[in-house]
Amino acid sequence: MGEAPAFIIDDLQTEFLNGFDLKSHVIGNKAYLIGGVNDEPTLSLGVHIFDQTRGELVNPLVLGTKPTPCKGHSAVPLNEDRILIIKRGSAPDDCIWFLEVDTQFVREQRKILGTEVVAWSKGVRGNPDKPVVISGPSGVGKGTLISMLMKEFPSMFGFSVSHTTRAPRGMEKDGVHYHFTERSAMEREIKYGKFLEFAAVHGNLYGTSVEAVEVVADAGKRCILDIDVQGARSVKASSLDAMFIFVCPPSMEELEKRLRARGTETEEQVQKRLRNAQAEIEQGQSSGIFDHILYNDNLEECYEGLKKLLGLDGNVTTSPKASPKGVEFPMDVAISKIDQKIIIKCGSPELKTTSKNLIVLDLCSLKGGAPGRTRGLDFYAI
Ligand SMILES: Nc1nc2c(ncn2[C@@H]2O[C@H](COP(=O)(O)OP(=O)(O)O)[C@@H](O)[C@H]2O)c(=O)[nH]1
Ligand SMILES: Nc1ncnc2c1ncn2[C@@H]1O[C@H](COP(=O)(O)OP(=O)(O)O)[C@@H](O)[C@H]1O
């Protein structure tokens with residue numbers, strides 16, 4: 001989008017002129033201008049801020065995944081910290097978005113980055129199952145247990161693919177086992193708030209991106225995270241409500257035997273991992289982070305113990321959780337807010353999912369937000 005014409009700033013109302021589709025919303029002393037050139041059918045949702053105190057138009061740093069282009073949009077500010085956007089002409093699961101302008105995440109990023117920041121978050125119906133964090137020293141068998149679980153229940157669980165600066169091992173594939181990355185690129189992404197947690201482990205940087213966990217939940221699966229104790233501590237302190245499991249070896253001698261038998265590390269790396277293992281085991285057992293401790297002596301018994309913790313010891317249906325359907329909005333909608341409810345009036349009778357033309361969106365059930373998804377959307381027709 002080019003510079004917004006001056007009269008839009010003066011008027012600060014919805015304007016459609018010369019192909020511009022811009023909506024402005026005043027929150028505090030700032031007017032948020034959302035939209036851009038409407039080159040039908042592709043309106044790309046850009047964001048500008050008009051700072052009324054300074055009388056200046058500002059280009060904010062826009063974080064989060066940007067919505068795909070649409071045919072138009074309607075918007076309404078919510079609770080002084082975000083703007084609800086309904087994209088027109090989008091798929092039912094892609095029409096509700098939030099532009100966060102003063103949420104905790106945005107305020108933190110503004111402070112870190114020293115510039116004006118806004119962030120996108122996509123609205124998703126329903127809530128995923130609690131993610132499972134699995135920690136334990138190198139060589140204890142975390143990867144083996146997780147592979148067994150994925151193999152037996154492929155449609156139920158999804159693996160959070162971490163980023164790491166360590167080199168790939170022979171059989172490891174980029175994007176499957178890890179996202180192998182340069183340290184500088186990873187540090188930049190950490191700075192831009194893309195990581196749920198990160199830690200230096202055995203001399204390399206490892207981290208879970210917010211997206212890594214979100215894509216698993218988007219697929220209707222329960223997310224499994226294989227991360228170290230420092231990472232588990234960060235997740236525990238985050239807003240992600242997870243289950244925490246620590247895997248212990250039967251002895252240090254057995255751990256060393258497994259690590260050497262795996263044959264993936266140099267002697268120096270084996271020594272480093274063994275040195276770190278003692279402290280990890282102590283923290284795993286005494287830090288209060290973990291809900292459960294599993295001893296991996298006999299693999300089959302340990303795997304049965306893991307399944308029991310996950311409620312998989314009885315008869316289990318292995319189909320993935322059906323993701324709740326979205327709503328397809330017609331081109332013509334009007335939005336208003338009453339307390340914690342959003343009323344969406346659909347002007348045309350073409351609404352596909354219902355014969356009624358008022359949709360109520362309940363804001364009380366919303367969870368999460370940028371830099372991930374805003375989950376728990378609950379809407380119904382009246
Ligand atoms: N904090 C954190 N730790 C991770 C992440 N991914 C892997 N790790 C941990 O990093 C450590 C080393 O992992 P890796 O190099 O794959 O070796 P392995 O544990 O011997 O298989 C393990 O304790 C993993 O649990 C991550 O995203 N964040
Ligand atoms: N209970 C067990 N008994 C014997 N060997 C095991 C057991 N669990 C795992 N292993 C072996 O130990 C090695 C390390 O396991 P791995 O899953 O790679 O550990 P981690 O992911 O915790 O580093 C692998 O070669 C694996 O086959």
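**View 1. Arg 258, Arg 262 and Leu 299 reach ligand 2 through N and O atoms.** In this predicted model, a nitrogen atom of ligand 2 sits 3.3 Å from an N or O atom in the side chain of Arg 258. On its own, ligand 2 has 570 Å² of accessible area, and the protein covers 73% of that (Shrake-Rupley method, 1.4 Å probe).

**View 2. A shell of 13 residues surrounds ligand 2.** To belong here, a residue needs a heavy atom within 4 Å of the ligand. Gly 139, Lys 142, Thr 144, Arg 262 and Asn 296 are the closest. By type, the shell has 6 polar, 4 charged and 3 nonpolar residues; Ala, Val, Leu, Ile, Met, Phe, Trp, Tyr, Cys and Pro count as nonpolar, Asp, Glu, Lys and Arg as charged, and the others, Gly among them, as polar. Helices H3 (142-152) and H7 (252-262) each bring at least two residues, with H3 giving the largest share at 3 residues. Helices are DSSP runs of H or I with at least four residues, strands are E runs of at least two, and both are numbered from the N terminus.

**View 3. H7 has buried residues and, on its other side, exposed ones.** Leu 255, Arg 258 and Leu 259 are the buried residues of H7 (buried is under 20% relative accessible area, exposed over 50%, partly exposed in between; 1.4 Å probe, protein chains only). They lie on the same side of H7 because they cover an arc of only 95° around the axis, taken from the directions from the helix axis to the C-beta atoms. Over on the other side, Glu 253, Lys 257 and Ala 261 are exposed. Helix H8 (267-286) is part of what covers the buried residues. Just past H7, Gly 263 takes a positive phi of about 65°.

**View 4. Gln 340 lies in the loop between strands E21 (333-338) and E22 (341-346).** Gln 340 counts as partly exposed because its relative accessibility is 32%. Setting aside neighbours within four places in sequence, Gln 340 is in contact (heavy atoms within 4.5 Å) with Asn 79, Leu 361, Asp 362, Leu 363 and Cys 364.

**Notes.** Residues are numbered from 1 along each chain as its sequence is written, while chains are lettered from A and ligands numbered from 1 in the order in which they are written. For this predicted model, local features need pLDDT of at least 70, side-chain atom pairs count only at pLDDT 80 or more, and totals for chains, interfaces and linings use all residues; side-chain values use heavy atoms, with hydrogens and water left out.

Technical notes
A polar contact is a pair of N or O atoms within 3.5 Å; within protein, one must be able to donate a hydrogen and the other to accept it, and residues adjacent in sequence count only if both atoms are side-chain atoms.
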